[in-house]
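Morning, everyone. I'll take a few minutes to walk you through one model, one piece at a time. Please have the structure open while I talk.

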Amino acid sequence: MRIKILNKIENLVIKGNYSKAEIIIKRNSSDVNVLSFYMDILFKKRKYKLVTSTYLKFCKNINNEHVIKIFSLSLIETRNFSKALIYLKKLVSLNSSSDNLSLLAIAYSKNHQNTKAIDTFEMSIKSPDANSIAYINYANFLREEDKNKQAIRILLQCNESSGNLNILTNIIGIYRDLQDYDNSLVFCNKAISIDKNNIDLLLILGTILLEKGDSEKALEIFKKILEISPFYGPAYRLI
């Protein structure tokens, strides 16, 4: 029965018929799984205001981690940072996971409470379940504060740093911001050693070589990209 309800809700959302979907939600407002499913679909569709209104109508008294997280993220997306902070504190009280702590730290930063943001980011990366996302979120905060070298140090603390493409590309980006092209190349080559035919990484490599003034080597890289993907527009434009 629930599967039929979920399928019907999904079809209505795909068609953009949110009023009819809400009628079904109202009838099933005691079912957390239905509410969570609906809010999840709305969030993926970037209907953040509908997520928040759904929560306030049907979920205010529900202590469900996923529902509160989706609501809090929607509040951040709609720039309601003060309210997001309230609900992310509630989320962390339910589960102080690295991911939840990282989101709370972001909310502190959006509310210009940088000391609390730093303390909470530190808690998130020291949590036993910390992953690369916690380190990247912390580094992005530091980059916004123009603390690029500190951001690099944080990323290098991640156990996954030597083999994680997201960590490596963030480090490359920071070194490029600092116009430190030698270190940019070092980490770019590390990333390419993991995924040798990744045309996006090769494009970054070629662009760094151009920025460094080595147009001959850059041209070789762009030609290599076109051998892998003959219709890759960005490489054509740089030749």
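**Loops, helices and their neighbours**

Start with Arg79, which lies in the loop between α5 (65–77) and α6 (81–94). Keep in mind that this is a predicted model. Arg79 has a relative accessible area of 62%, so it is exposed. Now look at its backbone. Phi of Arg79 is near 65°, a positive value, and the residue is not a glycine. Why point that out? Most residues other than glycine have a negative phi.

Find it in the loop between α3 (32–44) and α4. Its phi is positive too, about 65°, although Arg46 is not a glycine. Is Arg46 buried or exposed? Exposed, because its relative accessible area is 65%, and the cut-off for exposed is over 50%.

Thr54 belongs to helix α4, residues 48–58. Its relative accessibility is 1%, so Thr54 counts as buried. Which residues does Thr54 touch, leaving aside those up to four places away in sequence? The answer is Tyr38, Met39, Leu42 and Cys59.

Leu88 is in helix α6. It also counts as buried, at 1% relative accessibility. Leave out residues up to four places away in sequence, and Leu88 touches Ser72, Ile76, Leu103, Leu104 and Ala107. Now pick out Leu210. It is 122 residues from Leu88 along the chain, and their C-alpha atoms are separated by 44 Å.

Back to a loop. Asp129 lies between α8 (114–126) and α9. With a relative accessible area of 41%, Asp129 is partly exposed. Beyond residues up to four places away in sequence, Asp129 touches Ser97 and Ser98. Look at Ser98. It is 31 residues from Asp129 along the chain, yet the two C-alpha atoms are separated by 6.0 Å. A polar atom of the Asp129 side chain lies 3.1 Å from the backbone nitrogen of Ser98.

Now a pair of helices. Two packed helices are described by the angle between their axes and the distance between the axes. For α9 and α10, the angle is about 175° and the axes are 8 Å apart. How do they run? Angles over 145 degrees count as roughly antiparallel, so α9 and α10 are roughly antiparallel to each other. On the α9 side, the contact is made by Tyr135, Ile136, Tyr138, Ala139, Leu142 and Arg143. On the α10 side, the residues are Asn148, Gln150, Ala151, Ile154, Leu155 and Gln157. Sort the contact by class and you get eight nonpolar, three polar and one charged residues.

Last stop, α11. This helix covers residues 165–177, which is 13 residues. From first C-alpha to last it reaches 18 Å, close to the 18 Å expected at 1.5 Å a residue. At its start, a side-chain oxygen of Asn164 comes to within 2.9 Å of the backbone nitrogen of Asn166. Which residues of α11 are buried? They are Ile167, Leu168, Asn170, Ile171, Ile172, Gly173, Ile174 and Tyr175. And what do the buried residues pack against? Four helices: α9 (132–144), α10 (148–157), α12 (181–194) and α13 (199–212).

So, to recap one point: α9 and α10 pack against each other, and the buried residues of α11 pack against both of them. Thanks, that's my part.

Definitions and conventions:
Residues numbered from 1 in each chain as written. Predicted model: local features only at pLDDT ≥ 70, side-chain atom pairs only at ≥ 80, totals over all residues. Heavy atoms only, no water. Helix = DSSP H or I, 4+ residues; strand = E, 2+ residues; numbered from the N terminus. Expected span 1.5 Å × (residues − 1). Buried < 20%, exposed > 50% of the residue type's maximum accessible area, 1.4 Å probe, protein only. Contact = heavy atoms within 4.5 Å. Polar contact = N/O pair within 3.5 Å; in protein donor to acceptor, adjacent residues only side chain to side chain. Axes fitted to C-alpha atoms, helices over the stretch in contact; angles between N-to-C directions. Parallel < 35°, antiparallel > 145°, perpendicular 65-115°, else oblique. Nonpolar A, V, L, I, M, F, W, Y, C, P; charged D, E, K, R; others polar.
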